[in-house]
Amino acid sequence: MRFYLLPILALLFCSFSFAVDSEEENDNVDSLLKVLQDQDATLDLQSRYELNLKIAEGYGHLGTEEYDKSIKHFLICYNIAKELNDLTKKSESLFNLGYISQRQNNFQDALVYFNDVVEHTKNESGNEYLARAYTQLSSLHQSIGDYKSAFENQMQALSIYNISNDTLGKINAHYNIGNIFYYQGQYEKALESYNTSKSLADDLGNARANYACLAALGSVYEKLENYGKSIEFNLASLRLAEKLQYKTGIAFAKGNLATNYKKQGKMNRAEKAMKESIAMKMEVGNKVAVIGSKIDLSNLYLKWEKPELALLSLEEALAMAIEVDAKGRQPEIYQSLAAVYDQINDPVNALLYTRKYIGLKDSLISEKTVEEMGKSKQRYEVREQEHEIAILKKTNEILNAKEEIRQQQIYIFAIAFIAFLMFLWWYKSKLNYQNKVNKLLGEKNTLLADKNEEIFIKNKQLENSNEDLQQFAYVASHDLKEPLRMINSYTTLLKRRYNDLFDESGQEFMFYVIDAVKRMETLLDDLLDFSRAGTQPPPENFISLEDIMVIVEANLRHRLETLNATLVIKNENLPKVKAHRTQLIQLLQNLVSNGVKFKGERDPQVTIDCVLENNQYVMSIADNGIGISKENLEKVFEMFRRLHTRDEYEGTGIGLATCKRIVTTWGGDIWVESEVDKGSTFFFSFPVSVASMEQVNA
Ligand code: ADP
């Protein structure tokens with residue numbers, strides 16, 4: 001019962017599966033052998049290796065009888081691997097050689113092969129066969145009772161699995177460590193290791209490993225005398241093995257349950273289960289396990305008080321242990337034999353086997369061994385700690401790197417956030433500014449609209465009042481002319497017929513009346529001119545200013561001659577303009593006659609000129625008269641504005657106002673430059689839109 005655990009886990013790590021149909025496998029191997037025979041000479045090393053490997057595995061599957069052939073082909077593989085100098089292939093073939101040797105119960109050869117694997121691969125990190133070889137070595141050392149080496153090798157394997165984080169390897173290693181403690185009678189520690197193994201197996205969902213752990217836990221609870229738990233685990237392991245159709249597993253589970261039955265005193269059931277277990281173990285060729293079961297069976301018989309059967313079973317177990325060199329099992333066999341001889345009252349043999357038992361046990365489980373195991377465990381723990389420190393360091397480095405990245409991310413985020421805020425601020429100010437501008441523009445527009453409205457109303461009012469004024473001026477001047485004509489006719493008649501009847505004062509009064517009537521006539525004529533000026537828009541036809549000047553000169557000739565005045569037309573090439581003929585005559589005649597009228601000491605001289613400047617034609621009428629003071633330059637264009645008394649210079653003060661009105665109708669301007677006593681120059685302009693130097697039809 002004690003030794004049943006080892007082969008189960010060996011199966012977990014076998015490099016090939018044994019669960020195949022043997023007939024089919026036979027055919028398969030035969031055909032592969034034929035290929036090898038036919039083509040061996042032509043095959044390259046690589047193909048020869050592969051072919052021999054398949055054949056060796058095939059023989060391995062066929063069972064114990066064919067193991068020698070399997071060994072032969074694995075040896076060919078090894079030699080090819082050496083030729084190829086391929087370390088992986090070398091370790092693969094050596095491992096399989098060890099494995100088959102172990103299956104043959106040839107522990108010495110197996111030890112050599114597995115040690116070879118270790119030798120070849122121990123400096124090769126990551127070689128999958130190194131940990132597996134350590135595991136098999138541990139298993140072998142256990143079989144031969146060298147627990148110290150078994151423990152050391154298993155610890156080596158565990159370290160490798162921890163580094164490579166190989167869960168299946170870890171399950172196996174913890175399980176095997178549990179076994180080693182178990183064999184040492186350290187059941188609490190064994191329980192701990194089995195539990196570790198089981199929880200890893202649960203995580204991984206590996207049914208075969210789970211089975212092994214269940215069985216082991218059943219056994220260890222049995223040792224701890226917790227029979228309830230023991231049966232619970234053993235039944236669970238049996239059910240799982242049956243479900244998996246796993247013969248070896250069923251065999252061990254039955255053996256374990258047999259022990260449980262024995263403890264409960266159910267001897268028949270126990271014997272039956274034990275025998276079934278032994279038969280199945282034999283069937284799968286596991287002699288080491290058979291030895292354990294036979295010891296258990298003998299214990300059962302001893303308890304059942306059937307010492308002969310117990311003796312028989314133990315003798316078979318001992319023979320088998322010697323055959324396979326299973327030293328580890330021998331002390332217990334000796335102990336049991338001593339107990340049986342004691343029961344059948346054979347003190348000599350009882351003493352003999354007791355001595356054998358003590359001698360062998362001491363050599364196997366010495367204090368030194370336990371101490372060495374402790375040291376080995378310490379070394380393992382130091383290695384584990386170093387490994388953990390290395391992992392921690394790496395984790396720290398990763399954490400630091402992550403922290404750095406996080407910091408950078410924070411910086412980037414902060415910068416992006418600030419940039420975003422700045423953008424928002426800028427956008428908001430822009431928006432505010434825009435709003436302000438819009439508001440201001442709105443206000444200005446409203447103001448402008450108000451002003452426009454105001455101007456429009458003012459214009460309308462002005463237009464209306466202008467029209468009214470014009471109407472008034474026209475009506476007044478026109479309608480007043482009729483009674484004035486009557487007064488003029490009758491005063492002229494009075495003077496002609498009755499002048500002699502008046503005394504001197506009467507005649508003087510008559511003179512004033514006639515003079516006033518004349519002035520009033522002039523005033524009414526001027527008013528009529530003013531009211532007519534600017535009433536019609538400029539015509540489309542051009543009129544020659546040169547022609548106009550000829551008319552003006554002719555109209556004023558008498559006056560010019562009377563006053564001994566000269567009229568000079570400086571620029572003979574006067575432009576053609578779009579304006580009313582009568583208004584042009586009126587304008588120029590007014591200005592020329594003023595130039596003559598407001599004469600000083602000198603004979604009057606009036607000069608007419610015309611220039612093109614700033615996109616307009618500017619005509620000038622310059623005189624050498626009395627001039628106008630600076631403060632009156634603007635005022636002279638106002639209606640009825642006169643700078644002198646009637647006694648000094650006759651006039652109505654309407655002439656220049658009429659001129660201004662005429663000029664503004666075509667969009668021109670009128671102004672005066674003057675110096676007192678030196679003369680005045682009156683200017684007026686035509687925009688080019690209404691004036692041209694081209695030859696046009698008048
Ligand atoms: P009127 O000639 O009938 O007085 P105007 O309207 O023609 O009226 O002229 C207004 C006033 O401008 C004149 O009374 C005069 O004082 C002044 N004035 C006009 N033309 C000249 C000029 N060429 N030289 C000096 N003063 C002038």
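I began with D623: one of its polar side-chain atoms lies 2.9 Å from a nitrogen atom of the ligand, a polar contact (a pair of N or O atoms within 3.5 Å). The model is predicted, so I kept in mind that local features need pLDDT of at least 70 and side-chain atom pairs pLDDT 80 or more, while totals for chains, interfaces and linings use all residues. Residues are numbered from 1 along each chain as its sequence is written, and side-chain values use heavy atoms, without hydrogens or water.

One is 2.9 Å from a side-chain N or O atom of N594. For L656, a backbone N or O atom lies 2.9 Å from an oxygen atom of the ligand. On its own the ligand has 530 Å² of accessible area, and the protein covers 98% of that (Shrake-Rupley, 1.4 Å probe).

**Shell.** I found 21 residues around the ligand, the closest being N594, K597, R642, H644 and T652; the cut-off is a heavy atom within 4 Å. Elements giving two or more residues to this shell are α22 (581–597), α23 (655–665) and β7 (679–687). Of these, α22 gives the most, with three residues. Helices here are DSSP runs of H or I, at least four residues, and strands are E runs of at least two, numbered from the N terminus.

**Helix α8.** I checked the length of α8 (residues 147–164): its 18 residues should span 26 Å at 1.5 Å a residue, and the end C-alpha atoms are 26 Å apart, which agrees. The expected span is 1.5 Å times one less than the number of residues. Just after α8, I noted that N165 takes a positive phi of about 50 degrees.

Technical notes. Polar contact = N/O pair within 3.5 Å; in protein donor to acceptor, adjacent residues only side chain to side chain.
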